[in-house]
Structures are given as structure tokens and as C-alpha cells.
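Please look it over before reading on.

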There are 2 protein chains.
Amino acid sequence: MNVQKRLMFQQIIKQHSLGALVFWRPDELVLALGYMPQWGLSFLVYTRDDAPVLFVPELEPDDILPGNIEIRKFPWGNINCADPWKDLFSQLKDLIGKRGLNKYPVSFIKNIGGTAPCRMSGEQPHLPYDLIEQLLGLSDSGFNDVTNDLLKLYLYKNEEDVRCLKLVHEVAAMAIQTFYNNLKVGNSEAIIASAIEMEVQTMTGKNGAHFAKAWPLIQSGVNAAFGGRFNRTTGRILEESEMIMLEMSVCVNGYWADITHTGQTSVVSDHQKKIFNTVFEAQQLAISMMKPGVKMGEVDAAARTYIDKAGFGHLYNHALGHHVGFRYHDPGPTLSPGSVGVLEEGMLLTVEPGIYGMEINGGVRIEDNVLITADGCLVLSDYPKWLSI
Amino acid sequence: MNVQKRLMFQQIIKQHSLGALVFWRPDELVLALGYMPQWGLSFLVYTRDDAPVLFVPELEPDDILPGNIEIRKFPWGNINCADPWKDLFSQLKDLIGKRGLNKYPVSFIKNIGGTAPCRMSGEQPHLPYDLIEQLLGLSDSGFNDVTNDLLKLYLYKNEEDVRCLKLVHEVAAMAIQTFYNNLKVGNSEAIIASAIEMEVQTMTGKNGAHFAKAWPLIQSGVNAAFGGRFNRTTGRILEESEMIMLEMSVCVNGYWADITHTGQTSVVSDHQKKIFNTVFEAQQLAISMMKPGVKMGEVDAAARTYIDKAGFGHLYNHALGHHVGFRYHDPGPTLSPGSVGVLEEGMLLTVEPGIYGMEINGGVRIEDNVLITADGCLVLSDYPKWLSI
């Protein structure tokens, strides 16, 4: 386990006099151990005495398990075991009971809302109906809700996280290239999305990527008018002189990028170019301000004012950005109007202004992932944006 | 809303004297309304007085909303609303309060475990941390847990469901063909999986499919030895004379198929053929028994005994099948040893025996989706299986 993460967990434990923290949501396990579960049924018990144990189902692949931590198995998926959860909860209680941790409450996040999927993303993890009740009963001293402290863990990416995040962004670079290569009249949105998915998935097994998957969503022409409300791919066929928006999450080994580019099939009108340039310039202006100590609301305001002054403010209807990295949308203060969050070293945020609507018959969004450094920022997704070249 | 579904809901409401049922998990909404949510943040309140209301976020695409039901919106995703959930919960309480439903408890399923993803499958729905507490407080008469009755709703597919399920299986047929077409020495597992994903996704917008996505997992050669523990795709390159397993979920418009085929790159050994044929014959034997009134445990036993007698029983380590259709794995009694579940008309079950292990340097599974009819069964996934031709 990473030393910095241990220190962060220990700090929460000491501050709230806890016996243990239980991490079970797929992205918490990436955050804590760099480990993306296959089944989404793994439980990290990080103990007060700094001797954590990771419980995994028997069916979990051995080669994805993290090193340098004690691992215990429980018989989920074992046809001979009628109640694998009873076995797990008994093992968990045993661990808490044996080390004097019972004198303190445990804590964990109760809600699975917004978390990243496990590797089997076609289905949510088969967690038992009484999971929360069982976890609440782990310690004789009950439960202490420190959700806010646990959510703050998502805000900081350390050196090891950044190394993994750079790999995701290398893979995403190829996906973006594939997007531009496929912006041809006659291609459907679905064909472009599929080509991007293929580009990313075929990176599996290369350059240290043991899991590589993208969720690209393509909105072309008038479909992009709804890009400020939802992102999706349809069967619409691309036409001449229109702009196409790619919204994409990419996951490599459990780490995430969230990137949006807008391209064109063939030469677009001056009005369309003006909209593109307004979004691009607003984004670049916001990024140029990002460094430790700057208020998030001020970054948002800079981009928003720029778009307002260009006359498109009424078509820009969402926040400027959010934390990203352990999942598609990490929790935490956002770049949004009035946000009092303050940028700090190690934060990774999206910066994604947009202009959309039937009024302009389409939409443009440009989104990058920006890492706050000691004295400024680094754009991890610094790929060429074609309309801006 | 479908009349049969209304009757099923009314029966539960009357039997347990409830004021309303709340359906919120993505697959419950498919089951109830044939509606797969975009954001996974939609709430169907099915009321005692048979006047249901569907609450959806403002950002939900209008064109996927079901007809024939009252729809109300809440301001999730609206940058001008500080607390969209407060607005929703207030609307929900208002609905329950106004129609005298308050005199009765409400019910819903508390757990999101195992549910299907929403259309944005790269992330779980951004549900609020206090969702369960808020829903528990909807009625002054509290909550009545009728989870078992609600889970039983997954067991029966009606005529309208079957029409939708047939469309999924038409799309899956093309995916299976793509699988066989790509079983070439030199292709990686990831390339095959990607080709299948592309085949399915490009059906978006055709034949009434407004959402089409597959999660294929390819295990080739020795990798398939782990096919009884987990399914995943790696970068492994296919070699001569080996067998390749495809495990796949396919979702079209919210309805699911779960299919496994095993193919070969080039001529395999007699021993490999024997294993394939054993699995295939065990599967066909099980399917031949399936009709209303038959015990699920007996179907499992037939396939298991067949594999045992062929000498491979110790390499077959999982249940024979499960319900499917509203998600990748619907809840309910399984085809497994000792299962006392009884087959009934309208049930859709997978039948998927397998033999795997390092002892045979690989694995074979064959899986079909079998609909129980009035006097027998219908295999919805009745595609050619190449080794068996």
C-alpha cells in the first residue's frame, strides 16, 4: 500500500477515534490500492493498527490483486457454499473483534451512487440486500459517519496516481485521433463511437494496460444541440459542413479520463467557427488561471464571462468542471458559479465550457483534464484540437 | 403502461395494504415501463389508486420517455437549483400526501446490487447519499418491506417483453456471427471483443433499436481455463488449434440477452472435441426437459449427471442457469443442485453448462436463453454452434 494513502487513512482514523475504515465501492479500491475489482465484491478493512486486510471473492482473478497487503478470500461464487456473505461478515467481525478494534466505531460510505463500475460494467456488483446493515453492525461500538472526510480523499492525486493517470491519457490520445479520422460524411455516430471503443480496447495487454475501455458518446450536427443536457450516440449519419461532439470517459486499470472534443466533417460556417473559438478561448482563459490558491468560482466566472460577452451565455447551462481520475466524475467542489473551493496541488479537474441549442442548430464543448501542480497546472489531455489549428 | 404489469403491481399493493410502490433501479423501470433511463435517476411511483407518476430529471431525453403515463420533472442538472433532490422528495411527498396514500406504507427495493446499468454505463447513477432514508420517510405510515414480492416480478416475461427480447436476440445473432468470423490465428482477444461491440453498437438506430450495446468477454486457449471463475478479455493472441470462449451480455432498449459460444481457430484435437460435445449434449439434454411444471433442480441434475458420467464433473463448478431479460442476471430461483424452483410459462432462463481447468488447458461453455412456453420451451438464441455442426 502506498505510504501517503496510509497516512491519510490514519489521520481520519485518529481524528474520529475509529477502529477501522471499510472501503468497498469500486473506485475507493482504486483510490486506496490502485486495484480495480473484477466483480466489485471486494472489501478493504483499513485498521486502526495499520494492518489492513483485503477480502476478495474466491472467483477474483489472482493476477489483478494488489501486492503488499494481506488478502483473505470468501466463498462467493462457490457452488458448495449456501451463504458466502455470512462467511464474509463473520470474517469481518472476527477481524474487528480480535485486535481490540471493537472499542471504536467503524466507518464507511453507505451509498454506491456515482461510483465507477467494476470491470464487469454490464451489471452492478451483486452486493447483498443487507450489506449496509451488516457493515453497520461490524463493531460493538457502532458506526461513525465520516463520509465528508472520506469523500475528500478523492480530491488529491499523488505521484503514483498521476503515473497511472498519464497512462490513461496516452490511451485517450489515440482515441481522440480515431475520432478525427472518422469524421467522414456518411459515417454514423455509432460507427465513430465503435471505432473509438475498438482503439481503446485493443490497448488491453499493451504498455501495462490490463484493462482498457472507453465510453465514447457522439452527437453530430443538430443532435449536439442537446449536448448540455445529455450525451448519447444515435444512428444519425454525418453530413457536410457540420460539427460533431465527442464526450468520452476512458478507463485504464481503474483510472479515468473525461475528455470532450468537437470536430467537423468539412469546412464549417464562420458562425460555427465563432462558436467553436469562443468555447476554446474561454477554456484556455480558465486554464491559464489555474494554480494553487485560486478560488474555483473565479475560474468558472472567467470562462462564463467570456462566453457571456460573446453573446452565448444563455446557451451555456452547466458547470465549468469537476474532479476526475478515480472515476468519470470524482466528488468534491466544482468549478461553478460561486464555488468557494480552492485549487490545491494534486487536484485533477476537468475544464469544459460549452455552447449548445436549437438556436445554433448544434453544440460545441471542449474538455480537458487539468492537474494542479506546485506553481501552476499541467494539461494531461493536451491533444491538438483541429478546428483551433 | 402495460395492463398485465398494472395488475401485478395492484396485486402486491392490495395484498400488503400499501399506498404506493416506488421503482427506481434502472431494470425495474424496464420491467415496469419498458423504459431504460439515460441517467438512472428516474422514479416511478405506482399508486394504490392506479394513477402512477414517473419523475424524471430535467436533463432526461424526451424521446425515450414512455407514453401513456403522467410525467413530472425535477431540476437535477439545473445549474440554478442548489438542491434538486429536495425538490424531488418534496414532489414525491406531495403526491403521496394528496391522494390519501399517506394512510398506508410505501415499499421499494433498497439495494442497487446487481441491477442493470443506466444508459450511461461508465458510471453508476448519481443518487443522493440519503436516498433510502428519504424514501423511507415518504409516507406517514412508514415502509413495508415486500422485497420478495417485488423480486418475483422479474420471473415473468409477458408478450410485450418477449417482443423486445426477440429484438435483442436478433442483434445478438449478428454478434455471434462476428465472433466466429474473427476466430483467426493472430487476432487478439481484445480485437475480437471490439469487433463484436462494434457490430452491436452500429445497430443503434436500426430496426427500432435506440440503444444497442454489448459487453463481450473473450477467453482463448489456456485463458478459458478460468472461465468458470471469471470472464474477461486480455491482449492474448490466438493460436492454431485452440478453442475460444465468448461470454456476452447484449442490451437493446433495456432488454438483455446472456449468451456464450465456444469456437475454434483451426481443427482441434479429439479430446477437445469430446469436451465440446459433452457440454453441448448436456445442454441440449437440459433444454429438452424444460416445460411448465418441471423442477429447476431436475434440469440442473440432468446436465450435471451427463457431464459427471463423461468424467468431467470436477471441472464443472457452477450453476446451470439463471433468469435473464430485464438484466444480465435476473434474480430468482436458479437451475442449480437441489433447486426447488418450478418452471412456469413466461420464464426466460439461461442454460449454460461448462467444463474448464488447467487440467484440460482451457474451457468450454455453451449458453442459450430459453423461454418457457405453454407446453414446452423456445430457444431465443437458437444460433448455429460451429463445433457442433
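Q: How much helix and strand does the chain have over residues 164-374 of chain A, and how far apart are the end C-alpha atoms?
A: Helices (H or I, at least four residues) and strands (E, at least two) are DSSP runs, numbered from the N terminus. Over residues 164-374 of chain A, the content is 30% helix and 22% strand. The end C-alpha atoms of this stretch are 19 Å apart.

Q: Which feature does UniProt list for residues 164-374 of chain A?
A: This is a predicted model: local features need pLDDT of at least 70, side-chain atom pairs count only at pLDDT 80 or more, totals for chains, interfaces and linings use all residues, and side-chain values use heavy atoms, with hydrogens and water left out. Residues are numbered from 1 along each chain as its sequence is written, while chains are lettered from A and ligands numbered from 1 in the order in which they are written. UniProt positions are given in this numbering, with shortened feature names, and annotations may be inferred rather than shown by experiment. The unreviewed UniProt entry lists these residues as "domain: Peptidase M24".

Q: Why is chain A as compact as a globular protein of that length?
A: Chain A has 9 helices and 13 strands. The globule rule (2.2 Å times the number of residues to the power 0.38) is set against a radius of gyration taken over C-alpha atoms. For 389 residues the rule gives 21 Å, so chain A is as compact as such a protein because its radius of gyration is close to that, at 23 Å.

Q: Which strand gives the most to the lining of the largest cavity?
A: A cavity is a set of points, on a 1 Å grid over the protein atoms alone, where a 1.4 Å probe fits but cannot get out; lining residues have an atom within 4 Å of a point. The largest cavity is lined by 21 residues, with L217(A), T233(A), R119(B), F211(B) and K213(B) nearest its centre. Strand 6 (212-220) of chain A and strand 6 (212-220) of chain B each give two or more residues. With 3 residues, the one that gives the most is strand 6 of chain A.

Q: Which residues line the second largest cavity?
A: Both chains contribute to this lining. From chain A come P117(A), S121(A), E123(A) and Q124(A). From chain B come P117(B), S121(B), E123(B) and Q124(B).

Methods. On a 1 Å grid over the protein atoms alone, a cavity is a set of points where a 1.4 Å probe fits but cannot get out, and a pocket is an open set with protein on both sides within 12 Å along at least five of seven lines; lining residues have an atom within 4 Å of a point.
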